[in-house]
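Colleague: I'm new to reading models like this one. Please put it up on the screen and walk me through it.

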Amino acid sequence: MRDIDFVRVFAHSNPLLVSHVANLLESAGIPVERRNMTLGGASGELPPVECEPEVWVAPHHRAQAEDLIRASRQGEARPDWVCPGCGEVLEGVFDGCWRCGRDRP
């Protein structure tokens, strides 16, 4: 794909953090392109900013991707929820009820 087809939404010197962000976006259904994941060794020969691992997305996914990244970086938790099957109150991190097995609505 051409560079113009995608926009950069995240860059960091830590490739593990970049991979985490890419996985976060992919799990939300946003196709991503990872760039510069192995270019760190060239730092010094090339400007460090040019060697940072990056996550790129299609322009129409930019706003959604930036919102997800911001929420993840700020540590926003999902709200608690009540199981529609048995009425159990569950913490936001859970997608299924431990009591009756019903999925989060």
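Modeller: Let's start with a term: buried means under 20% relative accessible area, exposed means over 50%, and partly exposed is in between (1.4 Å probe, protein chains only). What you see is a predicted model, where local features need pLDDT of at least 70, side-chain atom pairs count only at pLDDT 80 or more, and totals for chains, interfaces and linings use all residues. Residues are numbered from 1 along each chain as its sequence is written, and side-chain values use heavy atoms, with hydrogens and water left out.

Colleague: Okay, is cysteine 83 buried or exposed?

Modeller: The relative accessible area of cysteine 83 is 3%. Buried means under 20%. So cysteine 83 counts as buried.

Colleague: How many disulfides does the structure hold?

Modeller: A disulfide needs a pair of cysteine sulfur atoms within 2.5 Å. For cysteine 83, the nearest cysteine sulfur belongs to cysteine 100 and is 3.5 Å away, and cysteine 83 is in no disulfide. The sulfur of cysteine 86 has its closest cysteine sulfur in cysteine 97, at 3.6 Å, which is too far for a bond. The number of disulfides in the structure is zero.

Colleague: And how does cysteine 86 count by accessibility?

Modeller: Its relative accessibility is 31%. That makes cysteine 86 partly exposed.

Colleague: Zooming out, in what order do the elements of the protein chain run?

Modeller: Helices (H or I, at least four residues) and strands (E, at least two) are DSSP runs, numbered from the N terminus. The protein chain has three helices and five strands. Read from the N terminus on, the elements go β-α-β-α-β-α-β-β.

Colleague: What is the strand order in the open sheet?

Modeller: Strands pair if DSSP finds at least two bridges between them. Here β1 and β3 run antiparallel and are joined by four bridges, and four bridges also join β2 to β3, again antiparallel. Put together, the open sheet of three strands has the order β1-β3-β2.

Colleague: Which strands stand at the edges of that sheet?

Modeller: An edge strand here has a single partner strand, so one side is left without a neighbour in the sheet. The strands in that position are β1 and β2 (32-35).

Colleague: Which residue in β3 is the bridge partner of arginine 34?

Modeller: Let's look at some pairs along β3. Glutamate 33 has tryptophan 56 as its bridge partner, and alanine 11 stands opposite glutamate 54. For arginine 34, the bridge partner is valine 55.

Colleague: Which residues of β3 point the other way from Glu54 and Trp56?

Modeller: Glu54 and Trp56 point one way from β3, and these two are buried. Pointing the other way, and buried too, are Val55 and Val57.

Colleague: Last one: what is the phi of asparagine 36?

Modeller: Most residues other than glycine have a negative phi. Asparagine 36 sits in the loop between β2 and α2 (48-51) and is partly exposed, at 23% relative accessibility. Although asparagine 36 is not a glycine, its phi is positive, at about 60°.
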